[in-house]
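Dear colleague,

I am handing over the structure below, and I would be grateful if you could look through it alongside these notes.

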Amino acid sequence: KEQAGTYILFDKINQPATECVDTYTFFRHLREKGNTKSHYILNRSTPLYKNLKKRGALKGILPFGGNAVLRVLFLFRHVITIARAEYLVGAWLPPHSLAVFKMIVKKTVKAPHGIFLLAERPFNNYGKDARSGGFDYFVVSNDMEKRIVMEKGGYPEKAILQTGLFRWDILKDQSRESKKRYILFSPS
């Protein structure tokens, strides 16, 4: 559900080759639903940023990256926007950065990159006992993930949001248009 307040969303901002599919999709969804209080942190070197800039479609985009001077300027330009945010929603974030953001933003939300099975590695960085202290909320797509996040991540049930995956928010359901069914299994 959309909540009142400003959303700051990001995917893996430190790598220009990363596809922006997780929280960028949620950002677009919020914008299309009329929530103008959403911003997306996007690396200037990504193909997506270059495409959006070329089309003049950078509304709500907070450009990040470049040399050290540009990264410092990012903080000066956007610190007030980030500090006013109610929610910081991210799929990928180094633990030390999460610890810093948790001092600035009211609520942090871990948006998973995909459904995970038997995964413990994410909780080395994002569990409640990790260096970062974990996120305030953790999004899961099913009961099995919810159980894993509670058992392995140390999250209480009230901190788990069972909503599905963000990237599905704006996808058109074409499942009935094909007679064939495919299942992608990608263990990490």
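Two strands are taken to pair if DSSP finds at least two bridges between them, strands being DSSP runs of E with at least two residues and helices runs of H or I with at least four, each numbered from the N terminus. With that in mind, Y87 stands opposite K107 in β5, and 4 bridges join β4 (residues 87–90) to β5 (residues 107–110), the two strands running parallel.

This is a predicted model, in which local features need pLDDT of at least 70 and side-chain atom pairs pLDDT 80 or more, while totals for chains, interfaces and linings use all residues. Residues are numbered from 1 along each chain as its sequence is written, and side-chain values use heavy atoms, leaving out hydrogens and water.

The protein chain has 6 helices and 7 strands, which follow one another as β-α-β-α-β-α-β-α-β-α-β-α-β. The 7 strands form an open sheet with parallel pairing, in the order β3-β2-β1-β4-β5-β6-β7. At its edges are β3 (61–64) and β7 (160–162), each of which pairs on one side only, and the twist from one strand to the next averages 25° (angles run from 0 to 180 degrees between N-to-C directions, with axes fitted to C-alpha atoms, for helices over the stretch in contact).

Helix α2 (residues 47–55) lies across β2 (38–43) and β3, running at about 120° to β2. Helix α3 (residues 68–83) packs on the sheet, where it touches β1 (7–10), β2 and β3 (contact means heavy atoms within 4.5 Å), and its direction makes about 155° with that of β3.
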